[in-house]
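Visitor: I'm new to this one, could you walk me through it?
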Amino acid sequence: MTFHKIFLFDFDGVIVDGMEEYWHSSLLTCEKFLNSPNITVDQKLYKKVPNTFKEIRPWVKYGWEMVLITHEIIKKENPLNNLNKDDYINQYQKNCQRILKENYWLAEDLQKKLDKTREYQIEKDFEKWVNLHNPFFEVVKFLEELKKRKIITGIITTKGKIFAEKILKKLNIFPEFIFGYESGTKIKIAEKLSQTYEILGFIEDRKKTLIEIKQNSKTSHIPCFLADWGYLKKSDRYNLNNGIELLTLENLEQIVAI
Ligand SMILES: [Mg+2]
C-alpha cells in the first residue's frame, strides 16, 4: 500500500507574521470586551506593538494568553514592562494562571472574546484586518511548489480554523487540511494523519511542540523542522537534538528536493 504524501505546517510565525494583528486584536479585546477596571485603552496604543509584547510572544501557545499579556502591559499599576519581563517569562505558565485567577477570568472566555474581536473586525473591515498579517513569501512559494508536485498540504494551528482559512484564501493558498484549536492538540492531529499519510515534514516555530512530536513513538518518525524565521526564543536555536532541524527561509528550497 502506498501512502499519499503530506507536508505539515504551523501557521503563525511560519506562514505569516501576525505580530501586528495579535497586538491589535488583543488590545481591541481589552478595550471592547474585557471590562477590566485596571486599564484604560488610549487610542495611541494601537500605533505600535510594544517591545515587551514582541519579546514575550515566543512563550505564547494560545491566543488567549496574548489578551492576558496585553492587559498586563497596559495596566495602570505595576504594568508588565522591560524591567520585569524576565521575571514573567521565567515562570510564564504560572504567571498566566495567577493572572487568570486574580481577575476571575477563564482561559476559554478570553479565547472566545478574542475570537469575537476578530469576527467583529472581519465584518467591519476585512481588508484592514487581513492586511495586518505579513506573509513569508518564501513559504507561500514553497506551498505552491508542493502543490505542483501533488503533495498534499496540511496546516495545524492553535488559531481558530476560520481565521486561518480567511488569511490563507487571501494569499491564494488552499491547503487540503486546516486544523484549528478546535481539532485538539497538534500531536494528536499528527498522530492521526500519520496513520493514513506519509508525512514528509512538519515546519513549526514552537520547539516544545516539535520535541513532543519526536518523543511520541507514533510520531517520532516525522521529519521536524524548526522555523528560524518564526517566534523563537534565543535559546531555541541551540542544542537542537532528537533530529529536529533548524530551517531558514533560504534553505526551504532544498527540502523541496525530497
Ligand atoms: Mg507558530
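Guide: What follows is a short chat about some strands and helices. This is a predicted model, where local features need pLDDT of at least 70, side-chain atom pairs count only at pLDDT 80 or more, and totals for chains, interfaces and linings use all residues. Residues are numbered from 1 along each chain as its sequence is written.

Visitor: Which strand does β1 join, and by how many bridges?
Guide: Strand β1 (residues 4-9) runs parallel to strand β4 (residues 152-156), and 4 bridges join them; F9 has I155 as its bridge partner in β4. Strands here are DSSP runs of E with at least two residues, helices are runs of H or I with at least four, and both are numbered from the N terminus. Two strands pair if DSSP finds at least two bridges between them.

Visitor: And which residues make up helix α7?
Guide: Helix α7 covers residues 137-148, and its end C-alpha atoms are 17 Å apart, in agreement with the 16 Å that its 12 residues should span at 1.5 Å a residue (the expected span is 1.5 Å times one less than the number of residues).

Visitor: Which of its residues are buried?
Guide: In α7, V139, F142, L143 and L146 are buried, that is, 20 or more other C-beta atoms lie within 10 Å of their own, whereas 12 or fewer makes a residue exposed and anything in between partly exposed, with C-beta atoms placed from the backbone. Seen down the axis of α7, the buried residues fall within an arc of 100 degrees, so they line one face of the helix; the arc is that of the directions from the helix axis to the C-beta atoms. On the other side of α7, F137 and K148 are exposed.
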